[in-house]
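Here is a report on helix packing and on a pocket. Load the model and follow along.

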Amino acid sequence: MNPYILLMILSQFIASFSQILLKKSSEKEYPNRIREYLNVLVIVGYGMMFISLFLTMIAYKGFENFAAVPVLESMGYIIVMLLSRIFFKESITARKGLGIALIIGGIIVYSMV
Amino acid sequence: MKKKADLKAWLMLEFVFFLYSLTSVLSKYSSASDPLSVRFLLFYGLIVVVLGIYALLWQQVIKHFELTVAYANKAVCLLWALIWSLVLFHDRIKPNHVIGIAIVMAGIYVLNSGGKKDGDGPALKDDGSAPETEDGEVNA
């Protein structure tokens, strides 16, 4: 297995978890705009996103065809849906399942050489 | 009033992903450079600036949507990628690109057209608060 695939999976897990932290922060009340952005959740969230971005950029080098990257990135939609179920009790509905299935299917069709 | 609030949130969501699509253009340029070269650092720096603006807006946008819905809308970046590859990289568009994007857009439409039919709350409430389930419980 191409080790860059594992790198992409790791990158997507980190990116998806960072979204959970950001959403957690956005649901809180803050005394002012500065605190809304400069808090642990947002800082750690974006720190994770930068790590993920850096890993993805390294992974780009591992694929001869850049098209492989968006397909692997689309795993993030599923990961975010599952994490949102756990952390925010967002329901996983047929509508969301179909929508995300179409999105990932479309990305695969798009990426076919 | 309701439509105005909806529209504003949707437009902000779309604008955020337009910005985000620029980062993939920049990372394509930077990954073509030697790691830690001046060129690489320049593009990486630009990515940081664009992501900074994106971050400020994203934090506001996700207040108005379920995270799953907001995040999956990121797939619209594929449409932007097609536009950038045409305009900047002068790539040829293949039929599967157009078909793929059409399927993606259909998926985004399905995802965003949240109705009550499947027991699902709307993706967006007019006051911008978290959607409620049918028994009035807040989903967030």
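Which handedness does the crossing of α1(A) and α5(A) have? The crossing in which α1(A) passes α5(A) is right-handed.

## Basis

This is a predicted model, where local features need pLDDT of at least 70, side-chain atom pairs count only at pLDDT 80 or more, and totals for chains, interfaces and linings use all residues. Residues are numbered from 1 along each chain as its sequence is written, chains are lettered from A and ligands numbered from 1 in the order written, and side-chain values use heavy atoms, without hydrogens and water.

## α1(A) on α5(A)

The two axes come within 9 Å and cross at roughly 40°. α1(A) is therefore oblique to α5(A). Axes are lines fitted to C-alpha atoms, for helices over the stretch in contact, and angles run from 0 to 180 degrees between N-to-C directions. Under 35 degrees counts as roughly parallel, over 145 as roughly antiparallel, 65 to 115 as roughly perpendicular, and the rest as oblique. A crossing is left-handed if the near helix is turned anticlockwise from the far one by less than a right angle, and right-handed if clockwise.

From α1(A), the residues in contact (heavy atoms within 4.5 Å) include Phe13(A), Phe17(A) and Lys24(A). Their partners in α5(A) include Ile79(A), Leu83(A) and Phe87(A). By class, this contact has 10 nonpolar, four polar and two charged residues.

## α6(A) between two partners

α5(A), residues 75-88, packs on α6(A) at about 160°, with the axes 9 Å apart. The pair is therefore roughly antiparallel. Their crossing is left-handed. The contact holds seven nonpolar residues, no polar ones and one charged.

α6(A) also packs against α5(B), residues 95-112, at about 165° with axes 7 Å apart. These helices are therefore roughly antiparallel too. The crossing is again left-handed. By class, the contact has 15 nonpolar, nine polar and two charged residues.

## The largest pocket

The largest pocket has a volume of about 1,100 Å³. It is lined by 46 residues. Nearest its centre lie Tyr60(A), Pro70(A), Ser24(B), Leu78(B) and Ala81(B). The lining divides into 26 nonpolar, 14 polar and six charged residues.

Helices of both chains supply at least two lining residues each, among them α3 (40-62) of chain A and α2 (38-61) of chain B. α1(B) gives the most, with seven. Helices here are DSSP runs (H or I, at least four residues), numbered from the N terminus. Ala, Val, Leu, Ile, Met, Phe, Trp, Tyr, Cys and Pro count as nonpolar, Asp, Glu, Lys and Arg as charged, the others as polar. On a 1 Å grid over the protein atoms alone, a pocket is an open set of points where a 1.4 Å probe fits, with protein on both sides within 12 Å along at least five of seven lines; lining residues have an atom within 4 Å of a point. Volume is the space filled by probe spheres on the points.
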